[in-house]
Amino acid sequence: ENVEVKGALMADASVDASRIDVDVDTATRTVTLGGAVPSAAERQRAEAIARERARGYTVVNDIAVRPR
């Protein structure tokens, strides 16, 4: 799941995924997003992508918004 989520984030031109970390816990079926993006819109889009790619998993969005 980690590779699929990270790959989908990298493929989406509307999200700067270079500073996003993806952690997958298969035992608890949780995907945690961390790191930082420059805007709230990118933070929301990253969460939406993770939810699309990791169906059946809980997505925790800990991404910080830090403008460049």
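In α2, the buried residues (under 20% relative accessible area, with exposed meaning over 50% and partly exposed in between, for a 1.4 Å probe and protein chains only) include Glu42, Ala46, Ile49 and Ala50. They lie on the same side of α2, because they cover an arc of only 100 degrees around the axis, the arc being that of the directions from the helix axis to the C-beta atoms. Exposed residues Ala41 and Gln44 are carried on the face turned away from this buried side.

This is a predicted model, in which local features need pLDDT of at least 70 and side-chain atom pairs count only at pLDDT 80 or more, while totals for chains, interfaces and linings use all residues. Residues are numbered from 1 along each chain as its sequence is written, and side-chain values use heavy atoms, with hydrogens and water left out.

Helices (H or I, at least four residues) and strands (E, at least two) are DSSP runs, numbered from the N terminus. Helix α2 comprises 14 residues (40–53), which at 1.5 Å a residue should span 20 Å, and its end C-alpha atoms are 20 Å apart, in agreement; the expected span is 1.5 Å times one less than the number of residues.

| Residue | Element | Relative accessible area |
|---|---|---|
| Glutamate 42 | helix α2 | 14% |
| Valine 31 | strand β2 (residues 30–37) | 0% |

Contact means heavy atoms within 4.5 Å. Leaving aside neighbours within four places in sequence, glutamate 42 is in contact with Ser14, Val15, Asp16 and Val37. Valine 31, with residues up to four places away not counted, touches Val22, Asp23, Val24, Ala54, Tyr57, Thr58, Val59 and Val60. The C-alpha atoms of valine 31 and valine 59 are separated by 4.8 Å, although the two residues are 28 residues apart along the chain.
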